[in-house]
Amino acid sequence: MSRVLQNDAEPEPQMRAEIQDMKQEFSTVNKMDEFARYARLEWKINKMVDQLKTYVKARTAQLAKIK
């Protein structure tokens, strides 16, 4: 059973690391000078955060069913 839960949790740390990397890059972009890049990066971060939230919610629901 723990193996099932471990396999499901693998993408989560990777997603969190990607979000952290994008946020770090986002902090270096000047909003006024590189607006297109800034907006694209902001959109990617928001999309990835939403995916992570959905993934965590689904995993939590699955754990609740198991218990």
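Hi everyone, let's start with the overall layout: this protein has three helices and zero strands, and along the sequence the pattern reads α-α-α. Helices here are DSSP runs of H or I with at least four residues, strands are E runs of at least two, and both are numbered from the N terminus.

A word on where this comes from. This is a predicted model, so local features need pLDDT of at least 70 and side-chain atom pairs count only at pLDDT 80 or more, while totals for chains, interfaces and linings use all residues. Residues are numbered from 1 along each chain as its sequence is written, and side-chain values use heavy atoms, with hydrogens and water left out.

How confident is the predictor? pLDDT is its confidence in each residue, from 0 to 100. The protein averages 88, and 87% of the residues score at least 70. Confidence is lowest in helix α1, residues 2-9, at a mean of 53, and highest in helix α3, residues 35-66, at 94. Where pLDDT is low, the predicted coordinates should not be read in detail.

Now follow α3 with me. The expected span of a helix is 1.5 Å times one less than its number of residues. For the 32 residues of α3 that gives 46 Å, and the end C-alpha atoms are 46 Å apart, which agrees.

Which residues of α3 are buried? They are Tyr38, Leu41, Ile45, Met48 and Leu52, where buried means under 20% relative accessible area, exposed over 50%, and partly exposed in between, using a 1.4 Å probe and protein chains only. The buried residues of α3 pack against α2, residues 11-28. Met48, for instance, touches Met15, Glu18, Ile19 and Met22, not counting residues up to four places away in sequence; contact means heavy atoms within 4.5 Å.

Finally, the salt bridges. Each is a side-chain nitrogen of Lys or Arg within 4 Å of a carboxyl oxygen of Asp or Glu, and the count comes to four. Glu12 and Arg16 form one of them, at 2.9 Å from N to O. Because Glu12 and Arg16 are four residues apart in helix α2, about one helical turn separates them. Glu12 is buried, at 10% relative accessible area, whereas Arg16 is partly exposed at 44%. Glu12, Arg16 and Arg59 are linked in a network of salt bridges.

Arg37 meets Glu25 at 3.0 Å, N to O. That pair links distant parts of the chain, with Arg37 in α3 and Glu25 in α2, twelve residues apart. Arg37 also forms a salt bridge with Glu34, at 3.0 Å, N to O.

Definitions and conventions: pLDDT is the predictor's confidence in each residue, from 0 to 100.
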